[in-house]
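Let's look at this one together, one question at a time.

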There are 2 protein chains.
Amino acid sequence: MGEALSELRQRLAEIHDLERALGVLGWDQRTMMPPRGAPARAEALATLGGIVHERFVDDETGRLLDRLAPHEGSLEYDSDDASLIRVTRRDWEKARRVPSELAASWLREGAKAQAAWLEARAASDYGVFLPAFRRVHEIALRWAECFDPGDSPYDAFLDEYEPGMKTAEVGAVFAVLRPELTAIVAGAGEPADNSFLHGDFPVALQQEFLDDVLRRFGFEADAWRLDATVHPFATSFARTDIRMTTRYKPDNLRALWAGMHEAGHGLTYQGADPALERTPLSGSPSLGLGESQSRTWENLVGRSRPFWARFLPELQRLFPPLAAVGLEEFVRGVNRVAPGPIRVDADEVTYSLHIILRFELEQQLVDGSLSLEELPEAWNAGMADLLGVEVESDVQGVLQDVHWSRAAYGYFPTYALGNAISLQIWRHVQADLPDLDAQIEAGEFSELYGWLRERLYRHGRKFTPLETLERAIGESSIDPQPYLEYLRAKVGALY
Amino acid sequence: MGEALSELRQRLAEIHDLERALGVLGWDQRTMMPPRGAPARAEALATLGGIVHERFVDDETGRLLDRLAPHEGSLEYDSDDASLIRVTRRDWEKARRVPSELAASWLREGAKAQAAWLEARAASDYGVFLPAFRRVHEIALRWAECFDPGDSPYDAFLDEYEPGMKTAEVGAVFAVLRPELTAIVAGAGEPADNSFLHGDFPVALQQEFLDDVLRRFGFEADAWRLDATVHPFATSFARTDIRMTTRYKPDNLRALWAGMHEAGHGLTYQGADPALERTPLSGSPSLGLGESQSRTWENLVGRSRPFWARFLPELQRLFPPLAAVGLEEFVRGVNRVAPGPIRVDADEVTYSLHIILRFELEQQLVDGSLSLEELPEAWNAGMADLLGVEVESDVQGVLQDVHWSRAAYGYFPTYALGNAISLQIWRHVQADLPDLDAQIEAGEFSELYGWLRERLYRHGRKFTPLETLERAIGESSIDPQPYLEYLRAKVGALY
């Protein structure tokens with residue numbers, strides 16, 4: 001039995017290495033690659049991705065899993081070995097349904113569509129993106145047909161990012177959020193002044209500020225980097241090789257929050273138990289759980305009063321024009337509630353409304369009730385309806401996000417689920433660390449990171465999202481109420 | 001037959017994709033990776049490298065090559081298809097002799113030894129490097145045993161980098177160079193003043209200068225980048241994704257020549273016939289041929305009087321303290337002949353003497369007459385003997401180059417061969433482009449690049465090094481005399 005397990009571990013370690021190699025190709029593609037490297041990169045991604053898929057779905061993996069079933073039953077459910085066997089079986093059964101050729105095509109056409117998306121953004125013309133989008137969209141639909149239909153054709157997509165979650169469950173959470181968030185926006189009154197966040201902010205100084213903040217958050221020396229990109233993301237090639245990105249603009253400071261957001265993802269990678277390295281358990285249980293942590297560090301920490309009590313003087317030292325801005329004014333400004341066209345620039349209240357629109361449109365694209373041609377118009381109508389925002393151009397509208405260039409349907413809803421989960425967890429953090437505000441005000445994050453690592457991050461991908469939540473805070477469903485209470489209280493206090 | 005050929009092409013294209021993926025992992029490792037990413041990167045390189053090797057040596061490749069042999073005989077020797085079959089057969093027969101496990105180990109232990117080498121450099125202590133060096137050294141010797149012994153145990157190593165070249169042939173060229181170069185150094189008299197090359201040179205401005213020069217050399221827009229590293233190198237992931245590196249130091253300008261050197265490699269990648277893309281023919285015929293071009297752009301262009309007549313004013317604009325330096329003084333300074341401890345900082349005359357030392361030491365390491373423990377002492381003795389230089393520390397001596405961290409024996413001699421070849425080719429360039437100096441003085445390089453591309457670069461890796469030289473200039477052996485004549489004339493004119 002020990003032999004079968006070590007054989008499985010070796011197979012999975014090699015597949016993990018290849019997935020990390022894919023990760024390096026993707027990171028480079030989005031941060032460093034000269035634009036004209038795109039076609040060759042698409043081929044490299046497709047070839048390597050096809051091989052990863054082929055090796056993983058090999059019959060031998062299934063035979064090893066079968067041989068290990070009795071052993072699994074004799075182990076503690078929470079043990080690393082039982083979790084490895086259980087999670088691998090689920091991954092393998094899903095991957096087996098997909099032809100390797102299709103997995104490779106998705107990577108190839110996704111890489112090409114991403115290049116087309118960048119071109120379309122530069123031209124602010126959805127039409128430039130459409131042909132490549134259609135190819136990757138059709139591959140995605142073929143992929144979804146590999147799975148049992150479930151209650152909704154959208155379920156297969158959702159399950160990729162939020163394992164076990166059903167479209168109907170997400171719909172139920174969003175049905176609560178939609179009217180409540182709309183009401184909070186309506187009640188927020190005149191948006192706070194945040195004009196001081198626009199001005200002349202040299203990128204090198206923004207980098208300096210973020211480097212300092214990330215070090216303080218708890219990143220280990222010589223084990224991470226932060227680079228510039230068009231659409232911020234985080235990835236890791238090991239617990240000690242974490243790559244974060246942000247989008248710098250010399251005329252505003254949004255890169256700071258995007259950077260802290262990605263740092264939240266980075267900390268979950270770093271916080272995973274080292275025993276899970278080079279196994280499929282070293283990731284995040286779901287995008288929703290991951291996003292709960294990026295939103296925690298971006299918003300619950302990075303837009304809080306105690307945080308800026310500590311860091312505003314530092315920011316003012318780097319950017320002297322901010323010297324005239326008082327702490328209260330600054331905190332109100334960075335928490336300004338005002339509908340706008342861009343999701344990644346949205347405040348905490350309107351953010352999830354952007355997501356609800358995408359969730360609705362994606363379901364229609366998948367069930368065929370909305371065509372790709374009709375998408376921009378439906379987008380603009382939805383923005384007017386949900387947020388009262390008039391969209392002025394494709395780049396301010398339907399072209400703003402990278403996700404659809406990979407037809408990564410099912411990804412967006414996890415952002416709003418993450419918002420809700422972040423507050424469920426934060427309530428427990430606050431109860432356990434009564435001194436938290438004072439620590440943050442002192443620039444001290446080690447107890448916070450330690451709590452999150454011990455309760456949450458160390459589990460990596462051993463459990464389903466809800467099992468993980470249960471182990472972290474004793475709750476086993478997604479509850480949007482703490483998030484709504486937090487927003488109501490915050491908006492009430494600030495306005 | 002068409003089917004067998006297209007099957008071979010498809011197999012090779014996929015292997016090429018995977019090799020490019022290995023290239024991205026290596027580039028990232030040497031330019032971007034946080035130091036603590038090294039152990040995981042070693043595993044990823046080994047896993048992917050093992051798969052590349054396995055797929056290439058597959059029996060099916062051999063069957064396809066056999067089926068294609070009659071077709072090959074019916075094609076022109078110089079045709080792309082005949083060259084593809086011929087070169088693949090040579091590569092395949094060599095690779096078949098090496099177990100995939102050994103190929104993977106070499107990558108893994110090489111990556112680890114590279115990290116150890118960086119640590120040893122930081123401590124300037126060869127002892128820190130020795131254990132990792134021993135592991136990779138032993139793997140290299142096992143690898144060499146996979147081949148027929150030949151005349152010298154060193155032949156197998158040399159053949160990796162300079163296909164078809166024998167140790168005795170290199171020895172014969174070096175036997176000419178050694179006394180002649182020593183005599184030129186001795187006759188050069190007092191070294192020219194180059195103190196103006198040391199001072200305060202902000203890295204960002206050095207980058208600005210190099211970016212401009214590289215654009216003018218002929219790199220296509222959006223198809224290359226230049227980054228910082230410890231040990232400069234160039235690589236490419238496509239004709240339109242070329243990565244060059246240099247080593248910036250804020251207190252001197254050496255990065256400029258290191259950058260132009262790597263640009264020479266980059267231009268050979270860019271200049272290959274686009275029809276060779278995604279095939280094993282898209283590289284360079286040998287390191288010696290490649291090096292002839294990096295030395296051409298670094299020295300024959302980048303240290304020439306006409307070049308600096310054009311670019312010195314630009315450099316003076318960026319670095320005002322240089323304003324007091326006249327053109328003659330500058331050209332004399334950047335061509336200063338003076339023995340020193342560091343190969344990459346060496347002038348054109350002493351450079352090949354550094355190589356001759358390494359060639360001699362490597363043969364002794366390979367035949368066992370010198371142990372790894374004795375290497376630093378032998379190094380220091382050789383430096384005293386060949387160059388009259390006393391080595392003050394390991395980092396100034398035996399630890400200065402990255403190559404031995406991969407036990408890449410046989411690599412160094414190609415540098416000196418490249419010096420010789422560069423002048424053989426340059427004589428023909430000068431004869432065909434009588435206006436060349438005036439073009440360079442005008443910052444115009446398109447005719448030069450066009451000549452080199454048409455005569456040399458476009459062939460990629462279709463032919464052996466000497467076949468390539470024959471096609472480029474009608475000469476089919478390496479002749480050190482033009483190089484020596486050039487050095488004698490230059491030293492005579494400058495001193």
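Some questions and answers on a strand and an interface follow.

This is a predicted model, in which local features need pLDDT of at least 70, side-chain atom pairs count only at pLDDT 80 or more, and totals for chains, interfaces and linings use all residues. Residues are numbered from 1 along each chain as its sequence is written, chains are lettered from A and ligands numbered from 1 in the order written, and side-chain values use heavy atoms, without hydrogens and water.

Q: Is strand β3 (residues 241-246) of chain B largely enclosed or exposed?
A: Strands are DSSP runs of E with at least two residues, numbered from the N terminus, and buried means under 20% relative accessible area (1.4 Å probe, protein chains only). B:Asp241, B:Arg243 and B:Thr245 point one way and B:Ile242, B:Met244 and B:Thr246 the other, and all are buried. Six of the six residues are buried, so β3(B) is largely enclosed by the rest of the structure.

Q: Which residue of β3(B) is the bridge partner of B:Leu226?
A: Strands pair if DSSP finds at least two bridges between them. Five bridges join β1 (residues 224-228) of chain B to β3(B), running parallel. In β3(B), B:Leu226 has as its partner B:Met244.

Q: How many salt bridges are there between chain A and chain B?
A: A salt bridge puts a side-chain nitrogen of Lys or Arg within 4 Å of a carboxyl oxygen of Asp or Glu. B:Arg36 and A:Glu220 meet in one, at 3.0 Å, N to O. Between chain A and chain B, the count is eight.

Key. Buried < 20%, exposed > 50% of the residue type's maximum accessible area, 1.4 Å probe, protein only. Helix = DSSP H or I, 4+ residues; strand = E, 2+ residues; numbered from the N terminus.
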